[in-house]
Amino acid sequence: ALLEKGQQVVRDLVAFLDRHAATQPGLVGNRPEFVFFGVVLGEESIIAAVKDLAAKGDETAAIQLAFAEIVVAPDPTARAAAVDAAVKTVEGKAELAAKSRTTISAAMRTCGFSMEELTRFHGVAKASRNRLLEEAFDRAMRDPKLRRSALEGKPFTLRGRLVDGTEFSTESWKGKVILVDFWATWCGPCIRSLPKVVEIRKKYREQGLEVIGVSCDKSIEPLKAFLAQRSDIDWPNFFDPRNPGWHVLAEAAGVKAIPAMFLIDKNGVVRSTDAADRLDELIPRLLAE
């Protein structure tokens, strides 16, 4: 029922834009976006019209169909094939019509592209010398959340100086599951999340969980004072007095807001870059591997 309502809304919007195209031409710019959503939602009349235009060589219609297939792909194999097809659709095009660019912009908000997928499209746009498309994908690739998610499934070792001045590397914790907590004493939500980290550490430490903090404090004095009052926070914390503030490890991990919690498995591979709300679900699973 919800899908049918969505189809009806998009159908009505497209019809409204068509009715007022002559008297309010400024509205027409929104049409390709709504048509794209109509294809994604499976609205039959819109799909039929788009397929007809694509068969006649319409660039925007072909792009709408190709990128919609990415959104509705039922599994990774189908999605990979859909991405391949979409890449071929835009490949070699040094310029795209405004309505084609509007469609791609809508697709970028809808497809949930991975860093690898965006990199492919960025490379095609660059090779085709399509500056507008290249810049659009470049902006999307700089999204901090996407940068973090791109780390998932890849090895990630944290190295640096701890609060006490000693050097440390999580390489020494191979065979352990590691919870990485990016935080700071000036961050209220970070402080409120610490009791949960303490609880999790007590619950799973004997099963092989380790915790490491990455402090983004602006100076070491408040950090030392805070830790001195909190004996329950007995895990190591990175802090480099030579470069106080936003820690270089946070920058490397694409962390732009704290608190942020990562989980690294026994092989040193990042398994989650957004683990804060799923610790009790994810940690036992990783410990059992």
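Q: How much space lies in the largest cavity?
A: This is a predicted model: local features need pLDDT of at least 70, side-chain atom pairs count only at pLDDT 80 or more, and totals for chains, interfaces and linings use all residues. Residues are numbered from 1 along each chain as its sequence is written, and side-chain values use heavy atoms, leaving out hydrogens and water. A cavity is a set of points on a 1 Å grid over the protein atoms alone where a 1.4 Å probe fits but cannot get out; grid points are joined across faces, edges and corners, and a volume is the space filled by probe spheres set on the points. The space in the largest cavity is about 50 Å³.

Q: How many charged residues are in the lining of the largest cavity?
A: Lining residues have an atom within 4 Å of a point. Among them here are Phe-156, Trp-173, Lys-174 and Asp-265. Ala, Val, Leu, Ile, Met, Phe, Trp, Tyr, Cys and Pro count as nonpolar, Asp, Glu, Lys and Arg as charged, and the others, Gly among them, as polar. The lining divides into four nonpolar, three polar and, as charged residues, five.

Q: Which helix supplies the largest share of the lining of the largest pocket?
A: A pocket is an open set of grid points with protein on both sides within 12 Å along at least five of seven lines. The largest one has a volume of about 230 Å³ and is lined by 15 residues. The largest share, five residues, comes from H3.

Q: At what angle do H2 and H3 pack?
A: Axes are lines fitted to C-alpha atoms, for helices over the stretch in contact (heavy atoms within 4.5 Å). Angles run from 0 to 180 degrees between N-to-C directions. Val-35, Gly-38 and Val-39 in H2 meet Ile-46, Ile-47 and Val-50 in H3. The axes are 8 Å apart, and the angle is about 115 degrees.

Q: How are H2 and H4 oriented to each other?
A: H2 and H4 pack with their axes 9 Å apart, at an angle of about 45 degrees. Angles under 35 degrees count as roughly parallel, over 145 as roughly antiparallel, 65 to 115 as roughly perpendicular and the rest as oblique. The orientation of H2 and H4 is therefore oblique.

Definitions and conventions:
Helices (H or I, at least four residues) and strands (E, at least two) are DSSP runs, numbered from the N terminus.
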